[in-house]
Amino acid sequence: MEYDTNNWIRDGVYYYPHLFGGIMLTAALLGLSTSYFGGISVPNLPYFLHDVGIFRKKKRGKKRIRVYMDGCFDLMHYGHANALRQAKALGDELVVGVVSDEEIIANKGPPVLSLEERLILVSGLKWVDEVISNAPYDINEEFMNRLFNEHKIDYIIHGDDPCLLPDGTDAYALAKKAGRYKQIKRTEGVSSTDIVGRILASVKDMKVCEAHEGSSLHGEPDNTNNNRGEESHAKGGHISHFLPTSRRIVQFSNGGKGPCPNARVVYIDGAFDLFHAGHVEILKSARQLGDFLLVGIHSDQTVSEQRGLHHPIMHLHERSLSVLACRYADEVIIGAPWEVTKDMGKADQYEVPKSMGIFQMLESPKSITTTSVAQRIVANHEIYVLGVLYPFRTCAKKCADVSDLTNDLQQRNAKKEASEKKYYAERKYVSGD
């Protein structure tokens, strides 16, 4: 084992104070005696100690800081990814707790995505090192001690937005009291509630179009007026409030790293709307085919032309960030064309790569699609309006019917909104975003 001659005194005093003192005294006496008996040879002390092996220790490296962040991560979006990116920046290793389906149902209402799907999404993020499945909704003392002792967590992380339990107490009070809490800046402009609202608003718009124009509920393309899609997005209640910046794109990117010489580059394109577990799995499969994965993200206009006027749900830059956050994507083309042409690599979208013999069709290991996710919400929209927009564990009593439940939830949600509005009015800037 390696011995550091610059630190032998410090290590000796710290680990073996009594023995070190005795050795130093002996060395001093030997040094005194050699002034009279010059023929006696005294070994150089550091090397003598090294041979004896008293301080033979490995160099101690800097302790790696492990941080923990939890969440439901339902309808996962770039806001979740940005929160985990910030959390990772506060330490060296990021451990993420994914709340169980049962805990979400008990505290907020039924999740849109299953635990398995949410685990795939979280595990697929480039900043996540470990995942704890079935994490509790609130961090009680037992679970907090488990984090500290079993998982060696140094700090528990949460956003600067309030997180209150049904009884009105701070969900992270114990971590704060223990001095093991750190805070990050909440990513504004998107939320799971917002996405549910966009989907439901889109369905409402489609039904209006169906009544007036006889269009399909599935939003089949209507090329008679491609501007209608933009008009619908402008008039609907599902407009994104996200303002993309070059800084955010850089934060999500891989530091400008391109493919190495002679690397096998794989290209895959798509809309990647409502980024889900199926997207993660298909990107993983594509990445395994080569050394560098380039992902083309179709523009909003292209997606609208191909899938209908009320698509996409998430706009181009939101979708691009979701793909960039995935550990399997090395680079993205923002606004990639529908046809894969030679300058990248026409009746047939992939006519050119097929003619070059470089085309391969991949089947997604998951049956989940953007449409199926939206259909889950549409099919149970009353539950999700109550469960997502108005978390219902806050009911102090067992409501007799849906009417009582709705009234109770609306009252409590109004209090929550007032509390959050006050918080944001008084909040302080949190650095590190």
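**Entry 1: Leu174**

I looked up Leu174 and found 33% relative accessibility, which counts as partly exposed. My cut-offs are under 20% relative accessible area for buried, over 50% for exposed and in between for partly exposed, with a 1.4 Å probe and protein chains only. The model is predicted, so I take local features only at pLDDT of at least 70 and side-chain atom pairs only at pLDDT 80 or more, while totals for chains, interfaces and linings use all residues. I number residues from 1 along each chain as its sequence is written, and my side-chain values use heavy atoms, with hydrogens and water left out.

Leu174 sits in helix H8, residues 173-177. I read helices (H or I, at least four residues) and strands (E, at least two) as DSSP runs, numbered from the N terminus. What does Leu174 contact, leaving aside neighbours within four places in sequence? I find Ile139, Asn140, Glu141 and Met144. Contact here means heavy atoms within 4.5 Å. From Leu174 to Asn140 I get 7.4 Å, C-alpha to C-alpha, across 34 residues of sequence.

**Entry 2: the nonpolar cores**

Next I looked up the cores. A nonpolar core is a set of buried Ala, Val, Leu, Ile, Met, Phe, Trp, Tyr and Cys residues joined through side-chain atoms within 4.5 Å. The largest one has 57 residues. Met69, Leu84, Leu94, Phe275, Leu283, Val295 and Val323 have the most contacts inside it. Where does this core lie relative to domain 1 (66-184) and domain 2 (246-371)? It lies between them, because both domains give residues to it. The domain bounds come from an automatic or database domain assignment.

I noted a second, separate core of 16 residues, with Tyr68, Val95, Tyr172 and Tyr181 among them. In soluble globular proteins, nonpolar side chains tend to be buried together.

I then took Phe275 from the largest core. Residues up to four places away in sequence aside, Phe275 touches Met76, Leu121, Val280, Leu283, Ser322, Val323 and Cys326.

**Entry 3: H6 against H12**

Leu121 took me to helix H6, where Leu121, Glu117 and Ile120 meet Ala277, Val280 and Glu281 of H12. H6 covers residues 115-123 and H12 covers residues 277-287. Their axes are 8 Å apart and the packing angle is about 50°. I take axes as lines fitted to C-alpha atoms, for helices over the stretch in contact, with angles from 0 to 180 degrees between N-to-C directions. H6 and H12 are therefore oblique to each other. On this scale, under 35 degrees is roughly parallel, over 145 roughly antiparallel, 65 to 115 roughly perpendicular, and the rest oblique.

How much of H12 is covered? Of its 11 residues, 8 are buried. I list them as Ala277, Gly278, His279, Val280, Glu281, Ile282, Leu283 and Ala286. Their cover includes H6, strand E6 (265-270), strand E7 (292-298), helix H14 (316-324) and helix H16 (370-379).

For H6, the buried residues are Leu115, Glu117, Arg118, Ile120, Leu121 and Val122. They pack against strand E2 (93-99), helix H5 (101-107), strand E3 (130-135), H12 and H16.

**Entry 4: backbone**

I checked phi and omega. Most residues other than glycine have a negative phi, and most peptide bonds are trans. Phe73 has a phi near 55°, a positive value in a residue that is not glycine. Phe73 is in the loop between strand E1 (66-71) and helix H4 (78-89). At 6% relative accessibility, Phe73 is buried.

Leu274 also turned up, with a positive phi of about 50°. Leu274 is in the loop between E6 and H12. Is Leu274 buried or exposed? Its relative accessible area is 7%, so Leu274 is buried.

The peptide bond from His311 to Pro312 is cis, with omega near 0°. Pro312 belongs to the loop between helix H13 (300-307) and H14.

Gly159 is in strand E4, residues 155-159. At 8% relative accessibility, Gly159 is buried. Its C-alpha is 9.5 Å from that of Met69, 90 residues away along the chain. Beyond four places in sequence, Gly159 contacts Met69, Tyr181, Gln183 and Ile184.

Arg248 is in helix H11, residues 246-252. Arg248 counts as buried, at 14% relative accessibility. I get 8.9 Å between the C-alpha atoms of Arg248 and Asn82, which are 166 residues apart along the chain.

Last, Ile333 of strand E8, residues 331-336. Ile333 is partly exposed at 26%. Its C-alpha lies 7.4 Å from that of Leu294, 39 residues apart along the chain.
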